[in-house]
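Have a look at the structure first, then try each task before reading its solution.

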Amino acid sequence: MDPQFWHARWQTNQIGFHQGAPNALLAGHFAALGLTPPGRVFVPLCGKSHDMDWLRAQGFEVVGAELSPLAAAQFFAERGLTPKTTTDGALQTCSAAGVTMFVGDIFELTPATLGPVAAIYDRAALVALPPALRARYSAHLTALAGPVPQFIVTFTYDQALIEGPPFSISEAELHAHYGATHHIALAHSQAVPGGMKGTCPATESAWLLTPR
Ligand SMILES: C[S@@+](CC[C@H](N)C(=O)[O-])C[C@H]1O[C@@H](n2cnc3c(N)ncnc32)[C@H](O)[C@@H]1O
């Protein structure tokens, strides 16, 4: 997916991935990571997700990374917030009410700009990326944050039947990305109601990654 794909999605409001409420797997299983607030939770490819509100409500500071300025603007506007905004190189930083969003290509984000984070929450981020980009993305996350705990939501379905995004991610692939740095445990799996895009059965899974 090149950046233009995602910019076009936001410009035409084709954001079927956006959920109207916090993700149920996050709400039901994030506590199993055993994190104690306050701490900074990094949300890569964050969109304008209500998951960030949920993490804030638990007492965590939220740090997101999002390509689309429209998504960032909508996130803050929908909450009646006017973010403090600065620009540093290729990234804009918008912050208000305990949420900081780096707006631009996540691959431009550096560890120094991100700062220390206690954990990473990845929903519709790894699965949003095509195979060739996923290894670069996972290595970049580890380079940015170190091997911190991660909560990852994936989909699995027959990739031969439909194209992503979202892409199907197997447990073996998760191990290929994070197995050297993390223990990987399944927290919960559930069938996707109506299947993937109404076409084939699919499973949504929540994974707990803890540093080795
Ligand atoms: C499938 S959406 C998921 C959004 C959010 N995590 C959610 O659950 O609603 C993927 C998001 O990643 C953003 N994105 C794609 N490529 C990106 C990149 N290279 N850097 C930062 N954000 C990116 C897109 O603009 C889009 O908002």
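Two strands count as paired if DSSP finds at least two bridges between them. Keep in mind that the model is a predicted one.

**Exercise 1.** Find the order of the strands in the open sheet and name its edge strands.

*Solution.* Step one: walking across the nine strands gives β3-β4-β5-β2-β1-β6-β7-β9-β8, with mixed pairing. Step two: look for strands that pair on one side only, and you reach β3 (84–88) and β8 (182–191). Step three: compare neighbours, which are turned by 20° against each other on average, direction ignored.

**Exercise 2.** In which sense do β6 and β7 pair, and over how many bridges?

*Solution.* Begin with residues 119–123 for β6 and 150–156 for β7; these strands pair in the parallel sense over four bridges. For one example, take Arg 123, whose bridge partner in β7 is Val 153.

**Exercise 3.** Describe how α6 packs with α7.

*Solution.* First, the angle is about 45° and the axes lie 9 Å apart, with α7 covering residues 171–178. An angle of this kind is therefore called oblique. Second, the crossing of α6 past α7 is right-handed. Third, list the contact: α6 gives Arg 134, Ala 135, Tyr 137, Ser 138, Leu 141 and Thr 142, while α7 gives Glu 173, His 177 and Tyr 178. Finally, sort these residues: four are nonpolar, three polar and two charged.

Definitions and conventions
Residues are numbered from 1 along each chain as its sequence is written. This is a predicted model: local features need pLDDT of at least 70, side-chain atom pairs count only at pLDDT 80 or more; totals for chains, interfaces and linings use all residues. Side-chain values use heavy atoms; hydrogens and water are left out. Helices (H or I, at least four residues) and strands (E, at least two) are DSSP runs, numbered from the N terminus. Axes are lines fitted to C-alpha atoms, for helices over the stretch in contact, and angles run from 0 to 180 degrees between N-to-C directions. Angles under 35 degrees count as roughly parallel, over 145 as roughly antiparallel, 65 to 115 as roughly perpendicular and the rest as oblique. A crossing is left-handed if the near helix is turned anticlockwise from the far one by less than a right angle, and right-handed if clockwise. Contact means heavy atoms within 4.5 Å. Ala, Val, Leu, Ile, Met, Phe, Trp, Tyr, Cys and Pro count as nonpolar, Asp, Glu, Lys and Arg as charged, and the others, Gly among them, as polar.
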